Amino acid sequence: MIDHNNRNIDYLRISVTDRCNLRCRYCMPEGISTLPMKDILTFEEIRAVVEQAAELGLRHFRLTGGEPTVRIGLSILIREIRSVPGIEKVSMTTNGILLEKMLPDLISAGLDSVNISLDTMNREKYLEITGTDGLETVLNSVRAACSAGLKVKVNAVSLFSDEENIRSLIDLARELPVDVRFIEMMPVGYGRQFPGISHNELMKILRNLYPGMTKDDRVHGFGPAVYYRIPGYRGSVGLISAIHRKFCSSCNRVRLTSRGFLKTCLCYSDGADLREILRADMPEEEKKRMLRESMREAILRKPDAHCFESPEAMTENAAMNAIGG
C-alpha cells in the first residue's frame, strides 16, 4: 500500500505478547507491568488483521514481542498467517532462549527466517544486561537455526564501544552464514536511559578493525540495514542507524501491538485501535470492511519522519514491550 509520501508500506511487525523471559535493562527490567491475557489479541484476531493487511498489499510479516516464543501455540499462528493468500514471508525476532527446541515446529509451520537478539559474547555482560545466564543457550539456538536452513540474523544493540565486544560478535559472521547487525539505541521507553554509542563512532571502529571491509549491496531482507562484507567471512555486518543515518524516507513498516493497536511510527501515539473493531458486535463482513478501512486510513497518515533526535517531541511514552519490538 502506498502512503501519502509515496512509500510502499508492505511490512507488518506483529507483537504476539508483551511478556518476556529475560529482563534486559533497556527494554523491560524487573518490575515492569504486563497486560492480562484477555487484553491481548487472540490468534483468530491476529489472523483477521493479517487478512485485511494482505488485502491492502502488505506481504511481509514479522512476529515479535515481548518475546514471541513465550506465547503458547506460536507455530499454530505461523501456520495460520502462512495460509493467508498473498503472504510472501513470515519471520520472527527472538531472544533465542527457547528457540532451539521449538525450531522443528516453527519451520514446519512455515517460518522463513529468524532474527536473534544478542548484544554481547561476554557471559558476565550478558548476565548483567538480561538478568539470565543464557549466553550459551542463545548461541546454540543461532547454530541450530543455521543448521536447519533458516536465514539467520543476529541483532546487537550498540551498547558498548570496546573493540573486543564488537569483534567477538562479528566473529559469528566468520564462523556461520549469519548477518550480524548493530542497532542504534532508540530513545523509546527505558532506552532513553541508555544512550549507547552512535553509529558514526561505530563505523570508525569497524574501519579500523576491518580495513578491507566493503559495501554489500545485496538484498538481505526488507528492513533498513546497510550491509558490509569482510573478506573471508561467511556472513555480513549490518548497521541499523535510526538516529545518525535516518531512513524514514524509505520506511516500509507498521506495527501491531499485542493489545491490537496499529502503530505507524515508534515516535508517536498515532494509529488505529483495531481491537475495538475486532471485538465489536457487528456482522463479520462489516467488521472486515472496518478493519481494512481503519488500517488504510492509519497507513495513509503515516508520519513523515521520526523525531528521535528531539525526544521531547515524542508523543509515545510506552515501553518497547508494550509497543512491540
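Predicted model: local features only at pLDDT ≥ 70, side-chain atom pairs only at ≥ 80, totals over all residues.
**Entry 1**

**Entry 1: strands 3 and 4**

I next went to strand 3 (residues 89–94) and its pairing with strand 4. The two run parallel and are joined by four bridges.

Four of its five residues are buried, so strand 4 is largely enclosed by the rest of the structure. Buried here means a relative accessible area under 20%.

**Entry 2: strands 4 and 5**

I moved one place along the order. Strand 4 (residues 113–117) and strand 5 run parallel, with five bridges between them. I noted two pairs of residues. Serine 113 stands opposite lysine 151 in strand 5, and isoleucine 116 stands opposite valine 154 in strand 5.

**Entry 3: strands 5 and 6**

Strand 5 (residues 151–157) is joined to strand 6 by six bridges, and the two strands run parallel. Here I picked out lysine 153, whose bridge partner in strand 6 is aspartate 179.

Strand 5, helix 6 (residues 163–175) and strand 6 form a right-handed β-α-β unit.

Are the residues of strand 6 (residues 178–183) buried or exposed? I found that six of its six residues are buried.

I then sorted them by direction. Val178, Val180 and Phe182 point one way, while Asp179, Arg181 and Ile183 point the other way. I wrote down the general rule beside this: side chains in a regular strand alternate between the two faces of the sheet. The residues pointing each way from strand 6 are all buried, and Asp179 and Arg181 are among them.

On to the next neighbour of strand 6. Strand 6 pairs with strand 9 (residues 237–240) in the parallel sense, over four bridges. Valine 180 has valine 237 as its bridge partner in strand 9.

From strand 9 I went on to strand 8. These two pair in the antiparallel sense over three bridges, and valine 226 stands opposite leucine 239 in strand 9. Strand 7 and strand 8 also pair in the antiparallel sense, over three bridges. In that pairing, lysine 215 stands opposite tyrosine 228 in strand 8.

**Entry 4: the cavity**

I wanted to know how many cavities of 30 Å³ or more the whole structure holds. The search finds one. About 50 Å³ of space lies in the largest cavity. Its lining includes Asp119, Ala156, Val157, Asn165, Leu169 and Phe182.

Strand 5 and helix 6 are the elements that give two or more residues to this lining. Helix 6 gives the most, with three residues. By class, the lining has nine nonpolar residues, two polar and one charged.

I turned to an open space next. The second largest pocket holds about 160 Å³ of space. Its lining has 14 residues, and Asp216, Arg218, Ala225, Val226 and Tyr227 lie nearest its centre. Strand 7 and strand 8 (226–229) each supply at least two residues of the lining.

Which classes make up this lining? I noted five nonpolar, three polar and six charged residues.

**Entry 5: isoleucine 14**

My last item was a single residue. Isoleucine 14 lies in strand 1 (residues 11–15). Why is isoleucine 14 called buried? Its relative accessible area is 0%, and the word buried applies because the cut-off is under 20%. I also looked up leucine 256, which is 242 residues away from isoleucine 14 along the chain. The C-alpha atoms of these two residues are separated by 4.8 Å.

Technical notes:
Residues numbered from 1 in each chain as written. Heavy atoms only, no water. Buried < 20%, exposed > 50% of the residue type's maximum accessible area, 1.4 Å probe, protein only. Pairing = 2+ DSSP bridges. Right-handed = clockwise from strand over helix to strand, strands pointing away. 1 Å grid on protein atoms, 1.4 Å probe; cavity = no way out; pocket = protein on both sides within 12 Å on 5 of 7 lines; lining within 4 Å. Points joined across faces, edges and corners; volume = space filled by probe spheres on them. Nonpolar A, V, L, I, M, F, W, Y, C, P; charged D, E, K, R; others polar.
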